[in-house]
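I opened my notebook to look up a few local features. My entries follow the structure below.

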Amino acid sequence: MLMSTACPIQVTIDPGSGFCFGVTTAINKAEEELARGGKLYCLGDIVHNNEEVNRLHAMGMDTITHTQLDELSDARVLLRAHGEPPETYATARRNNIEIIDATCPVVLQLQRRVKECYDHSDNAVQIVIYGKRGHAEVNGLVGQTDGNAIVIEHTDEIDCLDFTRDIALFSQTTKSIEGLKAMSEAISKRLVSPARLTCHDTICRQVANRVERLKEFARSHDLILFVSGSKSSNGRILYNECLQVNTNTHMVSSEKDLDSEWLTGVSSVGVCGATSTPRWLMERVKDTVLNTFNQ
């Protein structure tokens, strides 16, 4: 339970946190479509944040699964920023579904590069995706290769590769630059000549460049409240970056998760979040701290 304190607390929101360009565009498209009236569906959570999903649901947007998409017809369906495999578009055409495509331009470009590599390799090149297995973006990338791409999450999983054959390495857009470098180096060390590795740096710089700024923000406050949905892989990565430089960092999904004990002896609080965290939710966390503890 939250209790007030006599000591005034300074609360600052990290100006670089919150929705990335791709997510902002998807949210805007959803709101525009909802303003037109009629039923709107979204294939999967539009963003990995339950608070934002619930807000849009209250406006009239329902989230559906791929199984439900197969059974749907004569409807409007929004594709979120993560992107989709070709099979999704084929299903939409077959079922007379109007697609509202909000795929992030960075993801679309990556999909094209993966498909071009696959189409021109004649199966001579192993296409490897450095990313989270089962993630929506990764599923969309694998779909560009008819399901033949190999997904690797960690360097200790590379034993499954054939090091006598050429390898083309791509990355999920939200992975870290350091992680991609480590993956590239691990594969290179195992290659058997004349096999070659081509590493495609496909990481979104808008996301990657947040890390150092976020770490500096975390260092400059007594307490960090990292606002993120539990489903956000980007959120977990950025939260851990904060935790490395400020051990007094706590992840919260909303203001309801705040604990008064965290603020004992604290004079400055930094509020930040993932690329899937809406600004209004960070503002609500800030306001709750100020209204409750600065009375």
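Entry one: a bridge. I looked up Y41 and found that its bridge partner in β4 is V77. Three bridges join β2 to β4, and the two strands run parallel. Strands pair if DSSP finds at least two bridges between them. I note that helices (H or I, at least four residues) and strands (E, at least two) are DSSP runs, numbered from the N terminus.

I also noted the ground rules. This is a predicted model, where local features need pLDDT of at least 70, side-chain atom pairs count only at pLDDT 80 or more, and totals for chains, interfaces and linings use all residues. Residues are numbered from 1 along each chain as its sequence is written, and side-chain values use heavy atoms, with hydrogens and water left out.

Entry two: the sheet. I traced an open sheet of four strands in the order β3-β2-β4-β5, with parallel pairing. Its edge strands are β3 and β5, each of which pairs on one side only. Neighbouring strands are turned by 30° against each other on average, direction ignored. Helix α1 packs on this sheet and touches β2, β3, β4 and β5. The direction of α1 makes about 165° with that of β4. Contact means heavy atoms within 4.5 Å. Axes are lines fitted to C-alpha atoms, for helices over the stretch in contact, and angles run from 0 to 180 degrees between N-to-C directions.

Which residues of α1 are buried? I listed G22, V23, A26, I27, A30, E33 and L34. Buried means under 20% relative accessible area, exposed over 50%, partly exposed in between (1.4 Å probe, protein chains only). Seen down the axis of α1, the buried residues fall within an arc of 135°, so they line one face of the helix. The arc is that of the directions from the helix axis to the C-beta atoms. On the face turned away from the buried side I found the exposed residues E32 and A35. Just after α1, G37 takes a positive phi of about 90°.

Entry four: another strand. In β1 (residues 10-13), V11 and I13 point to one face and are buried. β1 pairs with β12 (residues 268-273) in the parallel sense over four bridges. There, V11 has V269 as its bridge partner.

S232 sits in the loop between β10 (223-227) and α10 (233-245). Why does S232 count as buried? Its relative accessibility is 3%. Among the residues it touches is H48.

Conventions:
Lists of a residue's contacts leave out its neighbours within four places in sequence.
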